Amino acid sequence: MTNCPVIVIGAGDHARVLLDVLLVSGAQLLGLVDANIALAGNAIRGVPILGDDGIVFGYDPEHILLVNGIGSSRSTDLRRSVYDRFIAAGYRFVHAIHPSAVMSSTVALKPGVQIMAGAVIQPDALIEENVLVNTGVIIDHDCKIGAHVHLAPGVTLSGSVTVGAGSHIGTGATVIQGVQIGSGVLVAAGAVVVEDIRDGQHVMGVPAREVVS
């Protein structure tokens, strides 16, 4: 962890989990910010909530780092927009990696990746920017995870799986070897994906099938 102080964007449930990761990793935490201004002046784990996220712009981008504390349950759009907003203003997002995560030395991580407790990432996987690899996720060899993806707790990706940008893979879902999941896809919790999924589809079930609304 760098010596620059860190601000967490968001003060909700995912931010609380991230604080544990950051504290155990020795991060220098400046505080949290949140769009809900009523939270200002409170604290989580002893870390102060400074105010709304506009406060970040009062700090020189060269002198602080950010962590994206916005989670997602179905859509990754808000998490992505927060990241893009601050990147466009010149700020940098730091990795948040729990020390219990197991990663091959050949895993490639782009900026702002978050890897929660108990995750396992095998050789030659590629994790693009602002990806959230949640608790207990297994990513096997040669997987490619696109930007802004959320892999929810307990997801299992077999080898050589591709997940397109902005997709959300729900809790406990399993994806078999070599499957390609498009961008903006929603895979429901517990689904078993055995064939490729096109961009924008919502699938669920065992085996996973498209949900037609």
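Colleague: Let's begin with Tyr 83 and Phe 93: buried or exposed?
Modeller: Tyr 83 and Phe 93 are both buried. Keep in mind that this is a predicted model.

Colleague: How far apart are the ring centres of Tyr 83 and Phe 93, and at what angle are the planes?
Modeller: The centres of the two rings are 4.7 Å apart and the planes are at 35°, so the pair of Tyr 83 and Phe 93 is tilted.

Colleague: And which parts does that pair tie together?
Modeller: Tyr 83 is in helix H2 (residues 77–88), while Phe 93 is in the loop between H2 and E6, so the pair ties together parts 10 residues apart in sequence.

Colleague: How many aromatic pairs does the structure hold?
Modeller: There are 4 aromatic pairs. One of them is Phe 86 with Tyr 91: their ring centres are 6.1 Å apart and their planes are at 85°, so this pair is edge-to-face. Phe 86 and Tyr 91 are both buried. Together with Phe 57, they form one aromatic cluster.

Colleague: Are Glu 128 and Lys 110 buried or partly exposed?
Modeller: Glu 128 counts as partly exposed at 23% relative accessibility. Lys 110 is partly exposed as well, with a relative accessible area of 36%.

Colleague: Where does Arg 209 come in, and which residue does its side chain meet in a salt bridge?
Modeller: The side chain of Arg 209 meets that of Glu 195, at 3.8 Å from N to O. Arg 209 is in strand E24 and Glu 195 is in the loop between E22 and strand E23 (202–204), so to speak of their separation, they are 14 residues apart. Arg 209 is partly exposed, with a relative accessible area of 45%.

Colleague: Switching to sheets: in what order do the 8 strands of the open sheet come?
Modeller: The order is E6-E9-E12-E15-E18-E21-E23-E24, and the pairing is mixed. Strand E6 (96–97) and strand E24 (209–210) are at the edges with a single partner strand each, so one side of each has no neighbour in the sheet.

Colleague: What joins E15 to E18 in there?
Modeller: Strand E15 (residues 150–151) and strand E18 (residues 168–169) run parallel and are joined by 2 bridges. Leu 151 stands opposite Ile 169 in E18.

Colleague: And the open sheet with 6 strands, what's the pairing there?
Modeller: The pairing is parallel, in the order E7-E10-E13-E16-E19-E22. Strand E7 (102–103) and strand E22 (192–193) are the edge strands, each pairing on one side only. E7 runs parallel to strand E10 (residues 120–121), with 2 bridges between them. In that pairing, Val 102 stands opposite Val 120.

Colleague: Now the largest nonpolar core. Which members touch the most others?
Modeller: Of its 32 residues, those are Ile 139, Ile 145, Leu 151, Leu 157 and Val 187. Leaving out residues up to four places away in sequence, Ile 139 has contacts that include Val 120, Ile 127, Val 133 and Leu 151. A second, separate core has 21 residues, among them Leu 18 and Leu 29.

Colleague: Last one: where is Asn 134?
Modeller: Asn 134 is in the loop between strand E12 (132–133) and strand E13 (138–139). Asn 134 counts as buried, at 10% relative accessibility. Its contacts beyond four places in sequence include Met 116, His 150 and Leu 151.

Technical notes:
Residues are numbered from 1 along each chain as its sequence is written. This is a predicted model: local features need pLDDT of at least 70, side-chain atom pairs count only at pLDDT 80 or more; totals for chains, interfaces and linings use all residues. Side-chain values use heavy atoms; hydrogens and water are left out. A nonpolar core is a set of buried Ala, Val, Leu, Ile, Met, Phe, Trp, Tyr and Cys residues joined through side-chain atoms within 4.5 Å. Buried means under 20% relative accessible area, exposed over 50%, partly exposed in between (1.4 Å probe, protein chains only). Contact means heavy atoms within 4.5 Å. Two strands pair if DSSP finds at least two bridges between them. Helices (H or I, at least four residues) and strands (E, at least two) are DSSP runs, numbered from the N terminus. Rings of Phe, Tyr and Trp (its six-membered ring) pair if their centres lie within 6.5 Å; planes under 30 degrees apart count as stacked, over 60 as edge-to-face and the rest as tilted. A salt bridge is a side-chain nitrogen of Lys or Arg within 4 Å of a carboxyl oxygen of Asp or Glu.
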